[in-house]
Amino acid sequence: MIGAMPPSADLLALFGHFLLLSLLAVGGAITVAPDMHRVMVGEMGLLSDAQFNASIAIAQASPGPNVLFVAVMGYQAAGLAGAAATLAGIMLPSTTLALAAARWSHARRDWRGVRAFKAGMAPIVIALMFATGWILTAQTPGWWHVLLTVAAAILVWRTRLHLLVMIAVGAIVGGLGWV
């Protein structure tokens, strides 16, 4: 059934699941990619592992917001209806909540609780990003991509190297076929 148009009940379930994921996507939609994989590949069978990984790669390589991979996955799973269901599901709650929370926290930015909340969310976001990296890395055979991922993570963490330089190096490494 991979790539086939799911019934409207499946589209509604997909929309509902992405609504919930939107509220968990504290560091952006990419942080909940492992659960998207669980649902779209494992439970619903709408995408293969290769399609899931390609959706993220295509969207991340494209200019624009990182959330584009959600629309690409939805499109691969169910065409325009799938893209609309996944993108609307992931964007509606988080956009509304983010706008309200930003206005509220900005007005109270000196409160101890607001500062503590921001500090407490940092390790959660890091753990979710690690889980996403693991899902993407574990699907690819070989070890070069693991070494490259670790090197990129260390460079981001320990240096002030501009991300465009890292993207260019990644493009060269990929273009040479090393990963």
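Begin by selecting Ala54, which is found in helix α3, where helices (H or I, at least four residues) and strands (E, at least two) are DSSP runs numbered from the N terminus. Ala54 is partly exposed, with a relative accessible area of 30%; buried here means under 20% relative accessible area, exposed over 50%, and partly exposed in between (1.4 Å probe, protein chains only).

What is on the screen is a predicted model, in which local features need pLDDT of at least 70 and side-chain atom pairs count only at pLDDT 80 or more, while totals for chains, interfaces and linings use all residues. Residues are numbered from 1 along each chain as its sequence is written, and side-chain values use heavy atoms, with hydrogens and water left out.

**The whole chain**

Zoom out and colour by secondary structure: the protein has seven helices and zero strands. The C-alpha trace spans about 50 × 45 × 25 Å along its principal axes, and of the 179 residues 27% count as buried. If you display contacts (heavy atoms within 4.5 Å), then among those between residues at least 6 apart in sequence, 58% join residues at least 24 apart.

Next select helix α2, residues 33-43, and show the side chains of Ala33, Met36, His37, Val39, Met40 and Val41, which are buried. The buried residues of α2 pack against α1 (8-24), α3 (49-61), α4 (68-107) and α5 (112-138).

Now pick Arg38, which counts as partly exposed because its relative accessibility is 36%. A salt bridge is a side-chain nitrogen of Lys or Arg within 4 Å of a carboxyl oxygen of Asp or Glu, and by this rule the count comes to two. Which residues does the network of salt bridges link? Asp35, Arg38 and Glu43 are its members. Arg38 meets Asp35 at 2.7 Å, N to O, and the closest N and O atoms of Arg38 and Glu43 are 2.3 Å apart. Because Arg38 and Asp35 are three residues apart in helix α2, about one helical turn separates them. Asp35 is partly exposed at 23% relative accessibility, whereas Glu43 is exposed, with a relative accessible area of 56%. Step past the end of the helix to Gly45, which takes a positive phi of about 65 degrees just after α2.

Finish at Trp157, which lies in helix α6 (residues 144-158) and counts as exposed because its relative accessibility is 64%. Select Val146, Val150 and Ile154 along with Trp157, and the selection is a nonpolar patch on the surface, with about 410 Å² of accessible area together. Patches are made of residues with over 30% relative accessible area and no salt bridge, like charges being joined within 9 Å and nonpolar side chains (Val, Leu, Ile, Met, Phe, Trp, Tyr) within 5 Å.

Key:
Areas by Shrake-Rupley, 256 points an atom, 1.4 Å probe, with all protein chains shown as cover.
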